[in-house]
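Thanks for coming. I will take this one from the overall picture down to a few single residues, so please have the viewer open.

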Amino acid sequence: MTSSTLQCAQTRLAYWLVLPATVLILAIYIIPILFVFAASLTDYTLVSDYYEFVGIENYRKMFEDEAFANALGNTFFYALLFLPGAFIISLVLAIAIQEQKQFRSLLEVLYFLPVTSTLAAMALVWAALMDSGQGVINGTLETFGIPGVNWFGNENVVLYSLAIISLWSIIGFNMVLFLAGLTAIPQNLYEAAAMDGADHPIDKFFRVTWPMLGPTAMFVAVTSSITAFKLFDTVAILTQGGPDRASEVFLYLAFLEGFEYFNMGYSAALSLFFLVIIFIFALIQALFTDRNVHY
Amino acid sequence: MADLAAPTPHWSDRIRPKSLRGLLGTLLLFLGAWVMVFPFIWMISSSLKPTDEVYDSDFTIIPKTFKGWENYYAVIFEQPYLIFLMNSLIVCIGILVIQLLTAIPAAYALAKLKFKGSTILFGTVIAAITIPINVTSIPLYIGLVKVGLLDTYFAMMFPFIVSVFAIFLFRQFFRGFPDSIIQAARVDGFSEIEIILRLILPSAVPAMAAFSVFSFVAHWNDLYWPLIVVQSQDKMTATLSMMQYQSAFDTDYGRTYASATVVTAPMVIAFLFARRLFIRGITMTGVKG
């Protein structure tokens, strides 16, 4: 066989190899995205087959919609509660666990356990723990003389409750990402810093750990933000957006509009808004991880 | 994440009494770990109790009256939990097998073969990684309604049977495979398919194992898509079955938490048996859930 016929056979084979994946990517990603865009310009509902082209009407409605503003506000408030904890607690834990010699892997496993568990099932457990009447958490608070909290019934508290459950489920995950970043820091940098007089743990952190951890920290911050924006499971199981829509977050609203009220056109507009947010996060990540590498 | 090689004495050990600070740190870490693990302990404990003891104001880990056998017997044999677990298993295995079958050949072609359009295809793969199911769920749902396939295993698997993440992952992995070995195999008369099956695949086992854990856990725990396409009890997944309890589906709380335990147990037990693999697999994308 000459090299050109070999090349030709290889090319033919390559097309066969990528064919199934390509067809499925078209059917599962490309065509649906184009459809979402097209549907967002119509008043399509699943209930009737008749629909009209309405231009940017859905987008105008979105920015005037009180429910949209409410959901966006709830999502941002929840993210504000969730993100600092998801970042700082995980980082502190990673540093503390890295210094452990004997118990390191045991602690890693214990903190990672919530990450593997089924959040939908564990949400039921949290509902019981946070029960306003007989829950263990309020019981414990009351033994210390602190009045119990109405975790899911009070509209000013419900986002805090959801943030606590989310923190519980993500801390081990972020901790493992930070541990990977910490393990990659060469030990001799700490020795060099110690010779320069940075021997206090806080000096050590700001002079060596933090600058070296830049890319990992950026990665954790961006991915946690995406996770925050995707809050859904605990809302669907525990609050259904209540009380009085105080926990109706963005993805839950898009779900309701699409699959409860069947306003497909409007829900498509919401979906595209969601995609734009995700793209912005992905862009931030791509830009900063390229520029901020300190190695 | 391999542990650091040799635990060299830490420089700070020389200048401060390590015992007190170290002891306090360890104690706090275990206190935190107790908080993380407590929901599991509470769940298992409650699953062994009669209903009136679950919300008893003085909580004890060991049940005062042991109802464990009755609760688990009821969940497994009187409620359709075996069907729910089987549905989850079928969907997760189906998704994983098709994902591997579609991703590995495509990844090999993208990594090692020259063909027109490969750049466009790879660019599309990268772009599609950022698109979550929540964005494409409406057209996928409408499509499934139109072809009358709602509430089938096919509908439950369809959006996930091509994993653009897997294509990306395996492509990066295959690129590291030395070209000289592939060339030598070609000279020896190996066909391209033989090269994939006998050289590339065996080398990709660790990556495949990590990806399998990632895929399996993600779809076992998924609530969003089954909530949209599953309508009948005989297609309900284990995770979706937890939705039933949002309205007073079962007023026996001991039994409720026995079912929660049954749903969570497979992934948690698998994790405890393959801890390193799970941690590597689940954190692979960097995005949880």
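**A loop in chain A, then the rest**

I start with a detail: Arg245(A) is found in the loop between H11 and H12 of chain A, where helices (H or I, at least four residues) and strands (E, at least two) are DSSP runs, numbered from the N terminus. Its phi is near 60°, a positive value in a residue other than glycine. Arg245(A) is partly exposed, with 17 other C-beta atoms within 10 Å. On that scale a residue is buried if 20 or more other C-beta atoms lie within 10 Å of its own, exposed if 12 or fewer, and partly exposed in between, with C-beta atoms placed from the backbone. Pro243(A) also sits in the loop between helix H11 (233–239) and helix H12 (250–259) of chain A.

Before going on, the conventions. Residues are numbered from 1 along each chain as its sequence is written, and chains are lettered from A and ligands numbered from 1 in the order in which they are written. This is a predicted model, in which local features need pLDDT of at least 70 and side-chain atom pairs count only at pLDDT 80 or more, while totals for chains, interfaces and linings use all residues.

Now confidence. The model scores ipTM 0.90 and pTM 0.89. For chain B the mean pLDDT, the predictor's confidence in each residue from 0 to 100, is 87, and 90% of its residues reach 70 or more. Two stretches of chain B stand under 50 in pLDDT: residues 1–6, with five contacts beyond four places in sequence, and residues 11–15, with seven such contacts. A contact here means two residues whose C-beta atoms, placed from the backbone, lie within 7 Å. Where pLDDT is low, the predicted coordinates should not be read in detail.

Next, the chains one at a time. Chain A has 13 helices and zero strands. Its radius of gyration is 25 Å, well over the 19 Å that the globule rule gives for 295 residues, so chain A is more spread out than a compact globule. That radius is taken over C-alpha atoms, and the rule is 2.2 Å times the number of residues to the power 0.38. Along the principal axes, the C-alpha trace of chain A spans about 75 × 70 × 30 Å. Buried residues make up 40% of its 295 residues. Of the contacts in chain A between residues at least 6 apart in sequence, 69% join residues at least 24 apart.

Chain B has 16 helices and zero strands. Its radius of gyration is 24 Å, well over the 19 Å that the globule rule gives for 289 residues, so chain B is also more spread out than a compact globule. Its C-alpha atoms fill a box of roughly 75 × 70 × 35 Å along the principal axes. Here 39% of the 289 residues are buried. In chain B, 74% of contacts between residues at least 6 apart in sequence join residues at least 24 apart.

Chain B is assigned domain 1 (11–77) and domain 2 (80–249), with bounds that come from an automatic or database domain assignment. The centres of these two domains, taken over C-alpha atoms, are separated by 36 Å.

How many residues of chain B are in contact with chain A? There are 77, and they meet 85 residues of chain A. Helix H2 (residues 18–47) gives the largest share of the chain B side, 10 residues. That side divides into 55 nonpolar, 17 polar and five charged residues; Ala, Val, Leu, Ile, Met, Phe, Trp, Tyr, Cys and Pro count as nonpolar, Asp, Glu, Lys and Arg as charged, and the others, Gly among them, as polar.

One residue of helix H2 of chain B is Leu29(B). Leu29(B) is buried, with 21 other C-beta atoms within 10 Å. Leaving aside neighbours within four places in sequence, Leu29(B) is in contact with Ala96(A), Ile97(A), Gln100(A) and Leu107(A).

Last, the core. A nonpolar core is a set of buried Ala, Val, Leu, Ile, Met, Phe, Trp, Tyr and Cys residues joined through C-beta atoms within 7 Å. The largest has 153 residues, of which Ala123(A), Leu124(A) and Phe170(B) touch the most other members. Helix H7 (residues 158–183) of chain A gives the most to this core, 15 residues.
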